[in-house]
Amino acid sequence: DTGVSQNPRHKITKRGQNVTFRCDPISEHNRLYWYRQTLGQGPEFLTYFQNEAQLEKSRLLSDRFSAERPKGSFSTLEIQRTEQGDSAMYLCASRGGTEAFFGQGTRLTVV
Amino acid sequence: EDQVTQSPEALRLQEGESSSLNCSYTVSGLRGLFWYRQDPGKGPEFLFTLYSAGEEKEKERLKATLTKKESFLHITAPKPEDSATYLCAVQANVVNYGQNFVFGPGTRLSVLP
């Protein structure tokens with residue numbers, strides 16, 4: 001499978017715990033995005049990488065969120081001290097040309 | 001600020017009943033307008049990119065069109081397997097501006113047999 005891969009697909013965590021998600025983009029794509037989507041809404045932009053450089057961060061991205069893309073390959077998104085409001089689908093997308101291709105997402109539930 | 005709205009919020013069609021979904025946008029110079037399909041619990045699946053007013057793209061029963069202010073996704077003789085949420089997104093074309101895609105809330109389409 002040469003698409004965007006995200007792991008885990010589902011994560012249930014207790015409030016206050018830290019969680020980390022991984023995204024493996026399409027191999028030749030140098031641009032990578034993280035989005036968050038809640039029920040009935042479109043995806044909301046969180047952050048953008050070009051190669052290993054994090055070039056954009058949304059105002060939505062509080063200091064509890066951090067993202068990395070070491071060596072410009074896979075990326076991780078960490079949420080520290082999770083809150084119930086963090087419950088959402090976290091989507092990763094990669095782009096080589098114009099179009100962005102999405103992974104299947106990680107569904108986070110904070111209990 | 002770039003904005004995307006979509007209408008209707010939800011649409012129910014009988015199999016074979018053609019219709020259109022609307023995406024209205026305001027953006028500081030349009031680099032591209034994108035349509036995606038999203039099934040429940042899955043990531044968005046890319047359908048089309050449109051770059052300039054007057055452009056049209058087709059794929060099976062779907063046809064996307066673009067004007068300066070909006071885009072339409074026309075669905076001809078839909079089948080139940082076309083049921084999904086259809087998302088519209090725009091990307092701005094401003095030097096050194098954001099590379100992000102701004103999404104609308106989507107239209108939930110249900111096609112009944």
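B:Glu1 sits in the segment before strand E1 (3–7) of chain B; strands here are DSSP runs of E with at least two residues, helices are runs of H or I with at least four, and both are numbered from the N terminus. At 80% relative accessibility, B:Glu1 counts as exposed. On that scale, buried means under 20% relative accessible area, exposed means over 50%, and partly exposed is in between, with a 1.4 Å probe and protein chains only. Leaving aside neighbours within four places in sequence, B:Glu1 is in contact with A:Arg59 and B:Thr26, where contact means heavy atoms within 4.5 Å. Between the C-alpha atoms of B:Glu1 and B:Gly104 there are 13 Å, and the two are 103 residues apart along the chain.

A word on the model. It is a predicted one, in which local features need pLDDT of at least 70, side-chain atom pairs count only at pLDDT 80 or more, and totals for chains, interfaces and linings use all residues. Residues are numbered from 1 along each chain as its sequence is written, chains are lettered from A and ligands numbered from 1 in the order in which they are written, and side-chain values use heavy atoms, with hydrogens and water left out.

Chain B has eleven strands and zero helices. Its radius of gyration is 14 Å, close to the 13 Å that the globule rule gives for 113 residues, so chain B is as compact as a globular protein of that length. That radius is taken over C-alpha atoms, and the rule is 2.2 Å times the number of residues to the power 0.38. The C-alpha trace of chain B spans about 50 × 30 × 20 Å along its principal axes. Of the 113 residues in chain B, 48% are buried. Among contacts in chain B with a separation of 6 or more, 56% come from residues 24 or more positions apart.

Chain A also has zero helices and eleven strands. With a radius of gyration of 13 Å, close to the 13 Å from the globule rule for 111 residues, chain A is as compact as a globular protein of that length. Along its principal axes, the C-alpha trace of chain A spans about 40 × 25 × 25 Å. Buried residues make up 46% of the 111 residues in chain A.

Next, the interface. How many residues of chain B are in contact with chain A? There are 20, and they meet 23 residues of chain A. The area buried between the two chains is about 1,700 Å², and carbon and sulfur atoms give 54% of that. Buried area here is the accessible area (1.4 Å probe) that two parts lose on being put together, summed over both. B:Gln99, B:Phe101 and B:Phe103 supply 28% of the area that chain B buries against chain A, more than any other three residues.

Seven residue pairs, both at pLDDT 80 or more, are in polar contact between chain B and chain A. A polar contact is a pair of N or O atoms within 3.5 Å; within protein, one must be able to donate a hydrogen and the other to accept it, and residues adjacent in sequence count only if both atoms are side-chain atoms. Strands E4 (30–38), E5 (45–50) and E9 (84–92) of chain B are the elements that give two or more residues to the side touching chain A. E4(B) gives the most, with three residues.

B:Gly41 lies in the loop between E4 and E5 of chain B. B:Gly41 is partly exposed, at 42% relative accessible area.

Last, salt bridges. A salt bridge is a side-chain nitrogen of Lys or Arg within 4 Å of a carboxyl oxygen of Asp or Glu. B:Arg61 is in the loop between strand E6 (56–59) and strand E7 (62–66), and B:Asp82 is in the loop between strand E8 (70–75) and E9, so the pair ties together parts of chain B 21 residues apart in sequence. B:Asp82 is buried, at 6% relative accessibility.

In chain A, salt bridges link A:Arg64, A:Glu83 and A:Asp86 in a network. Is A:Asp86 buried or exposed? At 3% relative accessibility, A:Asp86 counts as buried.
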